[in-house]
Amino acid sequence: MKAKIAKITNFDINCDITEKTYDGVYVTYDGKAAVIGYTTKVQKMRAMFLLSMKLKACETAFEICEKPVFDTCGPMIDMSRGGVMKAEAVKDYIDRVAALGLNMLMLYTEDVYEIDGYPMFGYLRGRYTCEELKSIDDYAFDMGVEIIPCIQTLGHLANYIKWGEASAFAENSSVLLPDEEKTYHFIEAEIKAVRSCFRSNRIHLGMDEAIGLGLGKHLKIHGIQKPLDIFNRHLARVLSITQKYGYEPMIWGDMYFAPENPDDYYETDAVIPDYAIESAPKNVEMVFWDYYHDFYEYYDKKLVQFKRFPNTASFAGGVWTWDGFAPNFEYTLKTMDPALKASIDHGISTVIATMWSNGGCETDYFKAFDGLAVFSEFCYKGKGCTHDDIYAAAEHIIGADRTFIDAVSTFHIGCPGADSVGRGMFYCDPLINLLGNGVDFEKAVTVYENALNTIQKYSSHEYYTYYSLLFEITKLKADMLLNLQKEYKADNKLYMSHLANNTIPALQDMYKEFYKLFCANWHKHYKPFGFEMYAMRFGGIDLRLQYASEKIKSYCRGESDCIEELEETILHNAKPWKFASNFMNTCV
């Protein structure tokens with residue numbers, strides 16, 4: 001473990017260490033020798049991590065006593081929306097999870113594992129073999145980390161259903177067909193497959209966001225029925241299968257919270273209908289998930305509602321990895337500080353730190369351990385956890401101080417997660433501004449310039465070149481989106497000629513260099529499947545930049561009377577989130 005900590009933190013512990021049994025994590029150092037105490041393997045790893053952190057900070061004497069406030073806490077990493085992490089990379093990831101003292105890891109696998117009898121399940125998606133999953137589970141077990149399978153048994157199965165193999169048991173393009181025996185044969189095959197790979201007796205069955213339930217093939221066969229009634233019958237059948245395989249199941253809780261209108265789930269004062277609580281099966285854990293709200297009252301009220309169920313309630317928050325090419329640490333901290341305090345107040349025992357990849361795994365999960373430190377430090381320090389505590393752990397595990405962490409987070413320009421402003425800047429067409437007037441481009445130029453000035457101080461950091469290029473690109477794009485249309489309207493052909501002949505070619509070179517870095521990092525940690533979309537995205541960016549350059553040159557030479565795209569008025573009601581949706585729909 002000492003060697004693993006040295007590898008993770010790039011710091012060797014050079015002192016004698018005595019070990020003892022302790023209820024939690026204990027570390028003391030007197031200037032010469034250290035004593036560490038722990039009960040579990042991950043607590044031993046955390047003790048070593050904390051000792052390393054203090055010694056690296058040149059502290060000469062200290063004592064640390066910690067006891068986790070959550071029984072189970074750790075990340076859920078999304079393997080289904082683009083990138084499937086290689087088995088060896090998952091093991092490397094587990095080492096870092098254990099170093100923070102986290103004792104659980106969920107692999108979110110919609111269709112990226114093998115199922116006997118269903119050859120199209122995970123086809124061309126980089127699905128895991130059973131042998132790979134067993135090796136991950138064995139490694140995690142040795143580290144004291146529980147691997148909990150996280151699958152889908154109702155919705156979120158579009159990548160499988162599209163092949164047609166499931167046509168006889170599909171409700172619509174992404175949801176399975178309830179009340180159909182072939183559906184339950186398939187689900188049993190899913191559960192049997194993961195049961196053979198993992199030791200854990202816990203399983204996450206998904207069951208969230210089953211859009212269109214009861215309105216597709218089920219409607220044609222059975223007529224109009226309440227979606228919640230369909231859901232409950234389906235869940236009861238699935239739970240009977242999990243019981244057969246000795247599982248203790250959990251599901252996402254949104255379908256019960258908003259049985260009539262999905263938007264109700266996000267309303268602060270929404271109340272779960274009594275009939276929803278009364279009709280829910282009692283032998284399943286309900287997971288309340290939210291990543292978007294930054295005030296305690298919201299989480300408090302939601303947990304009050306969830307605790308009306310006789311079922312065990314858990315909480316899933318978010319480490320913001322799904323909003324572009326850099327983790328959004330600022331928004332992670334802003335949302336999870338009140339969320340985790342509320343979870344402590346309500347006695348929640350299981351906390352999940354979800355790390356989604358909705359946009360296609362643009363942010364490598366290895367770049368987001370600063371956000372995971374929010375969860376680890378609240379777990380071990382409780383409501384007494386400070387932001388300084390979080391930064392200290394985050395700095396030690398990513399190898400750079402808080403100024404670097406904060407600079408990277410400004411990729412999002414201080415906007416809430418899911419606004420996708422940084423990603424929008426990166427992808428936005430130079431002639432067709434889908435970001436609209438919803439973004440302050442002048443501010444963005446300044447923010448990215450300041451970030452670059454900070455990142456320049458970390459030239460030895462592993463991700464220095466990656467982030468330097470990312471911010472150079474977005475700074476130039478922000479400047480172009482700020483000025484191009486304005487200078488065109490002013491007929492400033494000197495500006496436009498320089499842009500077409502100098503700025504755009506330089507920008508193309510930057511994109512190509514960034515693509516090489518992104519490609520190398522992807523193939524270091526992930527299987528090749530899923531990367532194909534980035535060849536198309538980056539290729540599209542390059543060709544559109546080339547097109548813009550040629551069109552501007554033609555205009556400057558007097559070969560055309562106008563640039564039609566720049567004649568359009570940019571509307572004030574255009575929103576950044578609309579850009580993300582529009583771009584992804586046309587690019588992949």
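Predicted model: local features only at pLDDT ≥ 70, side-chain atom pairs only at ≥ 80, totals over all residues.
Now the inside. In soluble globular proteins, nonpolar side chains tend to be buried together. Here the largest nonpolar core has 215 residues, and M85, Y93 and M425 have the most contacts inside it. Helix α18, residues 464-489, gives the largest share of this core, 13 residues. What does M85 touch, leaving aside neighbours within four places in sequence? The contacts of M85 are I77, M79, V90, Y93, Y128, Y365, F366, H525 and Y526.

Next, a residue in helix α8, which spans residues 227-244: T242. Is T242 buried or exposed? Its relative accessibility is 1%, so T242 counts as buried. Not counting residues up to four places away in sequence, T242 is in contact with I191, I203, L205, Y247 and P249.

Last, strand β2, residues 25-29, where 5 of 5 residues are buried. In a regular strand the side chains alternate between the two faces of the sheet. In β2, V25, V27 and Y29 are on one side, Y26 and T28 are on the other, and both faces are covered. β2 pairs antiparallel with β4, residues 62-66, over 5 bridges, and with β3, residues 33-38, also antiparallel, over 4 bridges. Y29 stands opposite F62 in β4 and opposite A34 in β3. The hairpin of β2 and β3 has 3 residues between the strands, and G31 there takes a positive phi near 100 degrees.

Note on methods. Residues numbered from 1 in each chain as written. Heavy atoms only, no water. Core = buried A, V, L, I, M, F, W, Y, C linked by side-chain atoms within 4.5 Å. Buried < 20%, exposed > 50% of the residue type's maximum accessible area, 1.4 Å probe, protein only. Helix = DSSP H or I, 4+ residues; strand = E, 2+ residues; numbered from the N terminus. Contact = heavy atoms within 4.5 Å. Pairing = 2+ DSSP bridges.
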